[in-house]
Number of protein chains: 2
Amino acid sequence: MPSPRRAVVLLSGGMDSATSAAIARADGFEVNALSIRYGQRHAAELEAAREIARRVGAARHVELPIDLRAIGGSALTADIPVPLDREPASIGRGIPATYVPARNTIFLAAALGWAETLGAFDIYIGANAVDYSGYPDCRPEYLEAFQRLAGLATKAGIEGEGRFAIHAPLLRMTKREIVERGTALGVDFSVTRTCYDLDAAGSACGRCDACLLRLRGFREAGLEDPAPYRART
Amino acid sequence: MPSPRRAVVLLSGGMDSATSAAIARADGFEVNALSIRYGQRHAAELEAAREIARRVGAARHVELPIDLRAIGGSALTADIPVPLDREPASIGRGIPATYVPARNTIFLAAALGWAETLGAFDIYIGANAVDYSGYPDCRPEYLEAFQRLAGLATKAGIEGEGRFAIHAPLLRMTKREIVERGTALGVDFSVTRTCYDLDAAGSACGRCDACLLRLRGFREAGLEDPAPYRART
């Protein structure tokens with residue numbers, strides 16, 4: 001049996017990247033998981049990423065520290081408050097405070113470097129353009145531009161036998177569809193962490209944009225979110 | 001007097017990025033220097049970067065650690081020997097062992113994130129396509145593709161009042177021309193470090209590709225390289 005082709009899968013520990021990893025495996029790839037430690041407020045996300053990598057049968061899992069606090073500019077990396085209790089309908093409008101400048105470009109660049117080292121040409125990212133239309137680096141035209149860049153940026157792109165492909169299988173899915181696809185592929189969402197404001201025990205707030213969209217996705221799928229939430233105060 | 005526009009300048013500590021920083025200042029920009037600590041073999045490069053930032057009057061200098069050893073794949077980040085004593089004429093052929101997978105993409109992505117935080121739209125990189133034609137991410141078509149990506153990747157690119165520009169002022173210069181331009185702009189090359197194999201005291205080997213091209217550049221400019229070299233063994 002030939003060994004499966006390798007893919008690099010960006011894995012944050014959230015429900016989207018967990019589903020993206022399960023899709024990469026279902027697509028027949030050997031999963032090489034890459035988590036970026038970018039100065040997140042809590043380590044629970046990375047613990048979730050480790051567990052997800054283990055369960056999806058990843059061949060390798062690299063945690064690359066890139067401390068984006070040094071360049072600031074986001075509620076996720078600097079002292080800017082995370083917005084709470086917004087109406088789900090309003091979340092998609094404008095670019096939120098949780099936007100991290102050039103985040104996906106930095107993450108995809110690191111994934112590209114590792115892919116080249118591994119001899120991989122396929123990169124999976126859990127970007128989603130439906131609920132998070134506010135993030136410029138989750139749009140199809142952005143991902144196409146990065147794919148084009150990848151071919152020009154690398155030795156493998158010029159001399160190699162493959163062509164780089166950026167896979168964003170969730171790009172046009174609603175959160176409900178992500179819940180359904182992940183469930184069908186056996187993703188255990190109880191270990192995933194999506195919240196922007198996890199507490200030290202890894203419990204979600206239930207009030208930030210990420211929680212509100214996630215909870216709505218489970219509700220619309222007719223399922224209960226198995227992840228831990230802390231009591232509302 | 002209006003305050004000058006800001007630019008982010010990638011600063012490695014070598015002669016090219018020192019000259020690029022001097023050009024950014026001469027172009028009228030406030031210099032914001034960004035050095036990436038990517039697991040270099042020696043700290044002397046970063047000490048050089050600090051001194052160059054000070055001398056060019058940088059408003060800020062951020063050192064961002066991105067440990068590329070975690071993804072390997074290069075003589076500069078893994079246990080692959082640096083080639084020595086090659087003929088200068090042969091250095092430009094093929095892609096050398098010192099190529100770091102996706103290095104400039106990772107560096108430019110970080111610069112883009114910081115630029116957005118600072119409200120800057122101009123990024124300077126000391127990329128050079130003449131002597132290092134072997135590096136795919138030093139070619140004009142690569143840099144143009146990144147500039148296009150920058151506009152799509154960011155909140156500033158979509159909503160902002162400027163357009164991102166990737167400046168690579170040395171792109172088509174020979175090393176001789178870089179020595180001459182830098183000298184004219186007051187760059188003190190004695191503090192710059194270019195060598196791929198610096199010793200603990202910060203002395204250059206004189207034998208790697210980077211040293212051979214640098215020494216030839218000074219020779220052709222009719223100048224002596226003021227940086228320290230260790231005795232040939």
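**Close-ups of a predicted two-chain model**

Leaving aside neighbours within four places in sequence, Ala110(A) is in contact (C-beta atoms, placed from the backbone, within 7 Å) with Leu34(A), Ile36(A), Leu64(A), Ile66(A), Ile71(B) and Ile106(B). This is a predicted model, where local features need pLDDT of at least 70 and side-chain atom pairs count only at pLDDT 80 or more, while totals for chains, interfaces and linings use all residues. Residues are numbered from 1 along each chain as its sequence is written, with chains lettered from A and ligands numbered from 1 in the order in which they are written.

**View 1. Ala110 and the nonpolar core.** Ala110(A) and Ala110(B) are the residues with the most contacts inside the largest nonpolar core, which has 154 residues. A nonpolar core here is a set of buried Ala, Val, Leu, Ile, Met, Phe, Trp, Tyr and Cys residues joined through C-beta atoms within 7 Å. Buried means that 20 or more other C-beta atoms lie within 10 Å of a residue's own, all placed from the backbone. By that count, 53% of the 233 residues of chain A are buried.

**View 2. Chain A from end to end.** Chain A has eight helices and five strands. Both are DSSP runs, numbered from the N terminus: helices are H or I with at least four residues, strands are E with at least two. Follow the sequence and you read β-α-β-α-β-α-α-β-α-α-β-α-α. Take the contacts in chain A with a separation of 6 or more: residues 24 or more positions apart account for 72% of them.

**View 3. The sheet of chain A.** Five strands make an open sheet in the order β3-β2-β1-β4-β5 of chain A, with parallel pairing; two strands pair if DSSP finds at least two bridges between them. At the edges are β3 and β5 (165-167) of chain A, each pairing on one side only. Neighbouring strands are turned by 25° against each other on average, direction ignored.

**View 4. Strands β2 and β3 of chain A, with helices.** Six bridges pair β2 (residues 30-37) of chain A with β3(A) in the parallel sense. Ile36(A) has Leu64(A) as its bridge partner in β3(A). Helix α2 (residues 44-55) of chain A lies across β2 and β3 of chain A, at about 175° to β2(A). Such angles run from 0 to 180 degrees between N-to-C directions, with axes fitted to C-alpha atoms, for helices over the stretch in contact. α4(A) also packs on the sheet, touching β1 (6-10), β2, β3, β4 (122-124) and β5 of chain A, and its direction makes about 160° with that of β1(A).

**View 5. Where the two chains touch.** Chain A and chain B each bring 38 residues to the contact. On the chain A side, β3 (60-65), α4 (103-118), α5 (140-153) and α6 (155-159) each supply at least two residues. α4(A) gives the most, with nine. This side divides into 24 nonpolar, seven polar and seven charged residues; Ala, Val, Leu, Ile, Met, Phe, Trp, Tyr, Cys and Pro count as nonpolar, Asp, Glu, Lys and Arg as charged, and the others, Gly among them, as polar.

**View 6. The sheet of chain B.** The open sheet of chain B has five strands in the order β3-β2-β1-β4-β5, with parallel pairing. Strands β3 (60-65) and β5 (165-167) of chain B stand at the edges with a single partner strand each, so one side of each has no neighbour in the sheet.

Methods
Two residues are in contact if their C-beta atoms, placed from the backbone, lie within 7 Å. A residue is buried if 20 or more other C-beta atoms lie within 10 Å of its own, exposed if 12 or fewer, and partly exposed in between; C-beta atoms are placed from the backbone.
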